[in-house]
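Colleague: I have a structure open here and would like to talk it through slowly. Could you start with a single residue and then widen the view?

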Amino acid sequence: MEYEDLKKLLKFSFNEKKILQKLELPEDAFLPLIFSIRFGGDWSVKKNSRRLMSIKEKITKYDDEKKSGCTLERIYLFLNPQILSQEGTVHRLEKCSTKNERELVKRPYKVSVNADYILQAELDPVNLKIHLKKINTPLEFTGPTAYGVSHEMEHLDQGVVKGKPFWEFQYVID
C-alpha cells in the first residue's frame with residue numbers, strides 16, 4: 001500500500017472511531033458494519049452477550065435518458081436481532097465463508113426483523129458519503145436481503161449454515 005493511501009485509510013479509521021463515540025455504541029458492536037462496508041456482504045458476530053448482524057441491500061438508480069446511474073448500498077446493523085415473522089420458501093445455492101463449496105438451502109422469501117438497536121448506513125458512490133441513521137421500527141425484507149437475514153441468523157443461532165452439498169445435483173443434457 002502506498003504511503004498516501006495508508007494515510008487516508010488511517011484517517012478514515014480514526015473517523016470511524018469518532019462516529020462510534022457519537023452513536024454511543026460499544027466498539028465491538030460496530031464490527032459487522034465495518035466488515036460490510038470494507039469487504040462487502042453480510043456478517044454476523046457473537047461477542048460477549050451480544051449478537052450482532054449486518055445485512056446489505058443494493059438499490060440501483062438508473063436514468064434511461066442520461067444512460068447513467070449508481071448502486072446505493074444500504075447496510076443495516078442489528079444488535080441482538082430477532083426474526084418476528086417469515087413467509088414463503090425459496091430453494092437456493094449459497095456459499096458461506098466457513099465452507100469451501102456452495103450448498104443447497106431453504107430460505108424464507110420475506111422476513112420481518114427487529115433488534116435492540118438498528119442502524120442504517122447508506123453508501124453513496126456518487127458523493128462518496130456514508131449516511132447513518134438510527135431506525136426505531138422493525139424492518140421487512142424480501143428476496144436476496146431476506147435470504148441474507150436468514151443466513152446470518154442461522155450463524156447466530158446454530159453457528160454453522162447447513163444445507164445439501166452441490167455434488168448431490170446431477171448433470172442432465174437436454
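Modeller: Let us begin with Ile59, which is found in strand β2, the strand made of residues 50-63. Please keep in mind that this is a predicted model.

Colleague: Is Ile59 buried, partly exposed or exposed?

Modeller: Ile59 has a relative accessible area of 21%, and because buried means under 20% and exposed means over 50%, Ile59 counts as partly exposed.

Colleague: And which residues is Ile59 in contact with, leaving aside its neighbours within four places in sequence?

Modeller: With those neighbours left aside, Ile59 is in contact with Cys70, Thr71, Leu72 and Arg74. For Thr71, which is 12 residues from Ile59 along the chain, the C-alpha atoms of the two residues are separated by 5.4 Å.

Colleague: What about Lys56, where does that lie?

Modeller: Lys56 lies in strand β2, and its relative accessible area is 17%. Since the cut-off for buried is under 20%, Lys56 counts as buried.

Colleague: Which residues does Lys56 touch, not counting those up to four places away in sequence?

Modeller: Lys56 touches Gly40, Gly41 and Asp42, and also Glu73, Arg74, Ile75 and Thr145. Arg74 is also among the contacts of Ile59, while Thr145 is one of the buried residues of helix α3.

Colleague: Then let's go to α3. How many of its residues are buried?

Modeller: In α3, 12 of the 15 residues are buried, so the helix is largely enclosed by the rest of the structure. Among them are Tyr147, Val149, Met153 and Leu156, together with residues such as His151, Glu152 and Glu154.

Colleague: Pick one of those for me. Where does His155 lie, and what is it in contact with beyond four places in sequence?

Modeller: His155 lies in α3, which covers residues 144-158, and His155 is buried with a relative accessible area of 14%. Beyond its neighbours in sequence, His155 is in contact with Ser44 and Lys46, with Cys96 and Thr98, and with Val160 and Val161.

Colleague: What span should α3 have at 1.5 Å a residue?

Modeller: The 15 residues of α3 should span 21 Å, and this agrees with the model, because the end C-alpha atoms are 21 Å apart. After α3 comes Gly159, whose phi is positive, near 85 degrees.

Colleague: And how far does α1 reach?

Modeller: Helix α1, residues 3-23, has 21 residues and reaches 30 Å from its first C-alpha to its last, which is close to the 30 Å expected. Just after α1, Glu24 takes a positive phi of about 55 degrees.

Colleague: Changing topic to sheets: in what order do the three strands of the open sheet come?

Modeller: The order is β5-β6-β11, and the pairing is antiparallel. The edge strands are β5 (90-94) and β11 (164-165), each of which pairs on one side only.

Colleague: Over how many bridges do β5 and β6 pair?

Modeller: β5 and β6, the latter being residues 103-107, pair over five bridges. To follow one example, the bridge partner of His91 in β6 is Lys106.

Colleague: Last one, the whole chain. How many helices and strands does it come to?

Modeller: The protein chain comes to three helices and 11 strands. Of its 174 residues, 38% count as buried, and along its principal axes the C-alpha trace spans about 55 × 50 × 35 Å.

Definitions and conventions:
Residues are numbered from 1 along each chain as its sequence is written. This is a predicted model: local features need pLDDT of at least 70, side-chain atom pairs count only at pLDDT 80 or more; totals for chains, interfaces and linings use all residues. Side-chain values use heavy atoms; hydrogens and water are left out. Helices (H or I, at least four residues) and strands (E, at least two) are DSSP runs, numbered from the N terminus. The expected span of a helix is 1.5 Å times one less than its number of residues. Two strands pair if DSSP finds at least two bridges between them. Buried means under 20% relative accessible area, exposed over 50%, partly exposed in between (1.4 Å probe, protein chains only). Contact means heavy atoms within 4.5 Å.
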